[in-house]
Amino acid sequence: MSAEPRPIRVMVVEDYGIYRRGIAVVLDLEPDIDVVGEAESAEQAIPMARELAPDVVLLDIYLPGESGIAACGQIKAASPGSQVLMLTASDVNDDLVAAIKAGATGYLLKDVGPDDLAGGIRAVHGGQPLLSPSLASVLLGEFTDLVRTAPSAAAGSAPESSVPVLTDREREVLALVARGWSNRTVADELYISENTVKNHMRNILEKLQLSSRMEAAMYAIRNNLVDDPDGV
């Protein structure tokens, strides 16, 4: 008989104690999720992440002392295998983009329901980027702005970063991921396996020193690797 899969180990970082406890209680009802730690500040969360190495860290932006955005990168450094899912009341464009750049895999607003929160944890645990539906247009707008302000290849400007280190196949994968395509859809499009797509993405993030698929997507558009941010 095969062993039962290990529950997703989650750490909750939220300064409001009642809300933090409520999240923990709701998530503990899920058979495949285990809340292993709670912190009320970045100062508590960083050493806790290093000690516990949770699979997913639920992280608020507005924390006493250091912000959740500032803490995100430090948590990723303390526990490289952890995925960070921002759970916040902020729908501000700058916060969303800053969180992605800091390495967050997902960004949900606090009005999300229990089922969607649990589903979001499962998604980011699998490495899939996640946004509250109401914020998708915000990120698309950011992509569009990047395309408008990026140096034109026709004018002879070269991308500012290390795009040439990618293989042709890695560029293809990155361009499709930047359009919001899932690993399965990319695999079908390129006639390769889903595991091969995952391996390419792992190599892309390592080569470009990026932390998440979302950041990779923004990188691709900034460097003119995607013709149309709408993917049409």
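Student: What feature does UniProt place at D60?
Tutor: The UniProt record, an unreviewed entry, places "modified residue: 4-aspartylphosphate" at D60; such annotations may be inferred rather than shown by experiment. This is a predicted model, in which local features need pLDDT of at least 70 and side-chain atom pairs count only at pLDDT 80 or more, while totals for chains, interfaces and linings use all residues. Residues are numbered from 1 along each chain as its sequence is written, and side-chain values use heavy atoms, with hydrogens and water left out.

Student: Why is D60 called buried?
Tutor: Buried means under 20% relative accessible area (exposed is over 50%, partly exposed in between; 1.4 Å probe, protein chains only). D60 has 3%, so D60 is buried. D60 lies in the loop between β3 (56-59) and α3 (68-78); helices are DSSP runs of H or I with at least four residues, strands runs of E with at least two, numbered from the N terminus.

Student: Which residues does D60 touch?
Tutor: Leaving out residues up to four places away in sequence, D60 touches V13, E14, D15, G68, M86, L87, T88 and K110. Contact means heavy atoms within 4.5 Å.

Student: What makes α7 oblique to α8?
Tutor: Helices α7 (residues 168-178) and α8 (residues 183-190) pack at about 130°, with axes 10 Å apart. Under 35 degrees is roughly parallel, over 145 roughly antiparallel, 65 to 115 roughly perpendicular, and the rest oblique. Therefore α7 is oblique to α8. In this contact, α7 contributes R169, E172, V173, L176 and V177, and α8 contributes V186, E189 and L190.

Methods:
Axes are lines fitted to C-alpha atoms, for helices over the stretch in contact, and angles run from 0 to 180 degrees between N-to-C directions.
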